[in-house]
Amino acid sequence: MENFDAIIIGSGQAGTPLAKKLAGEGRQVALIESENIGGTCINNGCTPTKTLVGTAKVIAQAQKAAKYGVRHTKAYPDYQLVHQNMTEVVHAFRQGQVTSINSSPNITTFYGKGQLSGDNQVDIRLKDHEIKTITAPLIFINTGARPYIPQIDGLDSTKFYTSRTLLSITQLPEHLIIIGGGYISLEFSQIFRRLGSQVTIIEKSAYLLSKEDEDVSIAVQHFLEEEGITIITKAEIQRVRTNSKNETEVTILKENVPVGLCGSHLLIATGRTPNTEDLQLEKAGVETDQKGYIAVNNHLRTTNKAIYALGDVKGGPAFTHVSYYDYILISNHLSGNAIDPVQSDLIPYCIFTDPELGRIGLSEKQAERKGVDYSVARLNASSIARAIETDETKGFIKVLIDNKTKKIIGVTALCAGGGELMSLLQIAIQGSLTYEQLRDTMFAHPTYAEAINNLFNAAHIQNRHAHAPAKR
């Protein structure tokens, strides 16, 4: 039995920096990884998908080149080269982390599946099937989450893809059918449509992105449909099967009428579920919620005081930056300088469609439920000088202002550079700036940022009357 100062199960965007920090302090760290260093983000999440987003945007721009005086023969992208480029970017990111980890003499990396076998003890099922037992006074779980597969009649005997396995295909789908209308669905739909696939999205709710305000959902649906993506909402999946032509056949119920769809590929994009079932949490007294997420306190400590959980495995918003912030929380806690976690409604996020959606703070739905007295500043991207000059005029910016304090309480930036604009306004929120201070700030011309001057002009602000909090 080998002893360490800390054991980290999972090398995601919280586990890897934590391992390096603890090792840098002179602690002996065991880092356990069941697959590839870097976790979901680098291997089958942000890095590959945003590489594809970038490629797809270049292709979309090239297809409009004649509009700008560039005459060319219309060519279709070589998906094998597209896939090769994505793979090379992923490998470079992953190898950078491997090299960084290997450069520390205080980190011992084990490739295998880590399972708790006591309060301070972990069994590692190594790749060669050997079981190695190690101990440490501190254990950190960073095993992440995986795609959730719903119960659908016929799915267990039908070939389907997830956000992970779809990245491994080297032939472009002829017709990609996507079940689900959330973040992952929308990014993949636009990527593959721009690469040349026919794409159909099936969503059970009335709108895509059902947690967003309706004006956001409607705008997103509109620009995706403009690109030729078929979107079916208010649809209930009845069954799936493989027909005699080796096509995937999906039967839905739309307005109580059965409708059949056929495609070459089926993507299930219906959420995620935590990787906790193989951890043997019960052997260390670590409790989970009803969905299997590990229960933690504000310092990410589990019901076992020696064990902490970081990243997606603990539930809450499943974003890479949240995982990394968990590393910051843990680092400060261990050093005796504990900080409070970010309030859930102040966690920023982006959806990398084109145009992209940047969000932080309250939506109008949330503000109304809470009975907030607020106003809305709204500016269409078609009124932004830089957007007109770069021909990226789709979307809008919408900011919620507290009528009492005049401070910003919510941001929606659905436009070119939406994530960057949202981040700029996030800093204003953290600095407690009023909308008037931002309105009167000098921004460089011509930038997207200077749209903030016009956004907060009186002509673009509408007052919303205070609402009583919605009854539960």
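Tutor: Contact means heavy atoms within 4.5 Å. This is a predicted model, in which local features need pLDDT of at least 70, side-chain atom pairs count only at pLDDT 80 or more, and totals for chains, interfaces and linings use all residues. Residues are numbered from 1 along each chain as its sequence is written, and side-chain values use heavy atoms, with hydrogens and water left out.

Student: With which residues is Asn 243 in contact, leaving aside its neighbours within four places in sequence?

Tutor: They are Glu 249 and Cys 262. Asn 243 itself sits in the loop between strand S12 (235–242) and strand S13 (248–254); helices (H or I, at least four residues) and strands (E, at least two) are DSSP runs, numbered from the N terminus.

Student: Is Asn 243 buried or exposed?

Tutor: Buried means under 20% relative accessible area, exposed over 50%, and partly exposed in between, with a 1.4 Å probe and protein chains only. Asn 243 has a relative accessible area of 11%, so the residue counts as buried. Its side chain reaches the backbone nitrogen of Lys 245 at 3.0 Å. A polar contact is a pair of N or O atoms within 3.5 Å; within protein, one must be able to donate a hydrogen and the other to accept it, and residues adjacent in sequence count only if both atoms are side-chain atoms.

Student: How does Val 89 compare with those cut-offs?

Tutor: Val 89, in helix H4, counts as partly exposed because its relative accessibility is 24%. Leaving aside neighbours within four places in sequence, Val 89 is in contact with Thr 47 and Thr 51. Val 89 and Ile 42 lie 47 residues apart in sequence and 9.3 Å apart in space, C-alpha to C-alpha.

Student: What is a nonpolar core?

Tutor: A nonpolar core is a set of buried Ala, Val, Leu, Ile, Met, Phe, Trp, Tyr and Cys residues joined through side-chain atoms within 4.5 Å. In soluble globular proteins, nonpolar side chains tend to be buried together. Here the largest core has 34 residues, and Leu 166, Phe 192, Val 220 and Leu 224 touch the most other members. Among the elements that each supply at least two residues of this core are helix H3 (46–63), helix H5 (183–195) and helix H6 (214–226). A second, separate core of 28 residues includes Val 399, Cys 415, Leu 438 and Phe 456.

Student: How many cavities are there of 30 Å³ or more?

Tutor: On a 1 Å grid over the protein atoms alone, a cavity is a set of points where a 1.4 Å probe fits but cannot get out, and a pocket is an open set with protein on both sides within 12 Å along at least five of seven lines; lining residues have an atom within 4 Å of a point. Grid points are joined across faces, edges and corners, and a volume is the space filled by probe spheres set on the points. The structure holds two such cavities. The largest has about 40 Å³ of space, and its lining includes Val 53, Gln 190, Arg 194 and Phe 352. H3 and H5 are the elements that give two or more residues to that lining.

Student: Which residues lie nearest the centre of the second largest pocket?

Tutor: Of its 25 lining residues, these are Ala 60, Gln 61, Lys 64, Arg 194 and Glu 227. The pocket has a volume of about 640 Å³.
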